[in-house]
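This report covers strand pairing, backbone geometry and surface charge. The structure comes next.

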Amino acid sequence: MINTLVLMRHGNPDYSTDVDDLDRQLTPAGLRALEDVMPHELALLGDPQDITIWSSPATRARQTAEVVCHALRMSESNIKTCNALYKQDQEAFLEQMESVEGTAIAVGHVPFMEEMFGRFSGGTLRFGKGSAACFSFPSGTFSKAELRWYVQGPDSSNWETLIHVEEGLADVAMQIEDRSEALLADPESSAALHDFRVAIRRARALLAFVRPFQKRRQSLSTDMVLSDLQHASSFLRELDGMCGRSERAGKSMADGLYAVCSTAREEERTRFIGYLRRRDTQRLLREACHGLRNTRWRATTEMEGLSREEFQAEYDELRTGVIDQFLVCNFMDDEDTHIVRKRVKRLRYVADGYAELLNERQEASVEAARRLQSELGHLCDVRVDRDIVDVLSRRGAISREDPTVVSFLEECQVKEEACIQHLQKLRVSMEDGD
């Protein structure tokens, strides 16, 4: 005779697809929520010797029963189908349970579970998705039941947030792979290099944002690889940018400074593409993308998921910090300006990458971040051009006394002062709330 019965409602079903009711599956978040909480929930059973798992023939119930099996380290072959659970036939169900020895776990639907709860306890209870109630039968019959415990089903919305985050990280991993292949296929393409670096920066921004919820070691090791790739391609991108700005300004190949920069760019391109093609670089790139696709969360996040409110609060804190830092930035200081620009980029990439998880205000944040990034970018580009001249001068490729170089640096100085003045005006307008 059965001595323990667990009545369990299936997890959160997916109503977004038009399928027969029997074929309706759990949502990915609903399944994830069950997988995370079920081991802790079923631990309340203690250590029963004989367990039989019964499931409604509906797919969503079967999937829930499979999670139960995994939590109890049982084979899915132990699941038995009980049509009475789907038909919600109490008498047929109890008759089938008469043949069970030990403990039975029955996975079904409402209102059946609520009606059975009332029949055994004499009370009423709303069975949420994934909820479970455990009864014992000391007399060996269903006529006398004792409620041992009741567990409310998990809130799958927290896992919906987590799944969105994981999908965002997986998507940017695919972008890195695709753009790495595109760059290797066309090493001369400035656009391909730019797209590759943007994918890496976006991945680093999304990764840094969720670091408080992720296992620290995995986050840092993945970021280290991406950081190395970004750093390795930085000088090439800077030379690419300087040559591109010269080309757009109508400079010719005969122009001495441009010719030297162009030569340096080709040398740097050869070096970086060679580095990117190396087996160990490609292996590390694959490992980083694997880390982005297989995020390991901290214990509390793994058990409780991540609420949208918590996610939004993290974003609001980032946004406030970026604005505050911009408002006190010393635009005369190269490093201070560079740090603010990096944080503005992070804000933009996070707002873009996790748009579905943020409230409607994020659209305004993206636009504001784009504007700040663009304005700060003009200043940083001028300084990069000036720094490239310093590098080439130290290498002996050019002379700072060359009239062309002197004229170029003077032009950079004028542009830098104009950018700083513009940023200061922008800051005043932000302080005034415009």
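## Sheet

Strand β5 (residues 132-136) runs antiparallel to β6, and five bridges join the two. Within this pair, Cys 134 has Trp 149 of β6 as its bridge partner. Strands here are DSSP E runs of at least two residues, helices are H or I runs of at least four, and both are numbered from the N terminus. Two strands pair if DSSP finds at least two bridges between them.

The open sheet holds six strands, ordered β3-β2-β4-β1-β5-β6, with mixed pairing. From one strand to the next, the twist averages 20 degrees; axes are lines fitted to C-alpha atoms, and angles run from 0 to 180 degrees between N-to-C directions.

## Model basis

This is a predicted model: local features need pLDDT of at least 70, side-chain atom pairs count only at pLDDT 80 or more, and totals for chains, interfaces and linings use all residues. Residues are numbered from 1 along each chain as its sequence is written, and side-chain values use heavy atoms, without hydrogens and water.

## Backbone exceptions

Most residues other than glycine have a negative phi, and most peptide bonds are trans. Arg 73 has a positive phi, near 60 degrees. Arg 73 sits in the loop between α2 (59-71) and β3.

The peptide bond from Val 110 to Pro 111 is cis, with omega near 10 degrees. Pro 111 belongs to the loop between β4 (102-108) and α5 (112-121).

## Surface charge

Lys 215, Arg 216, Arg 217, Arg 296 and Arg 298 form a positive surface patch. Patch residues have over 30% relative accessible area and no salt bridge, with like charges joined within 9 Å. Areas use the Shrake-Rupley method with a 1.4 Å probe, and only the protein chains shown count as cover for residues. A salt bridge puts a side-chain nitrogen of Lys or Arg within 4 Å of a carboxyl oxygen of Asp or Glu. Arg 296 lies in the loop between α10 (279-293) and α11 (299-304).

Note on methods: Patches are made of residues with over 30% relative accessible area and no salt bridge: like charges are joined within 9 Å, nonpolar side chains (Val, Leu, Ile, Met, Phe, Trp, Tyr) within 5 Å. Lys and Arg count as positive and Asp and Glu as negative; His and the chain ends are not counted. The place of a charge is taken as NZ of Lys, CZ of Arg, CG of Asp or CD of Glu.
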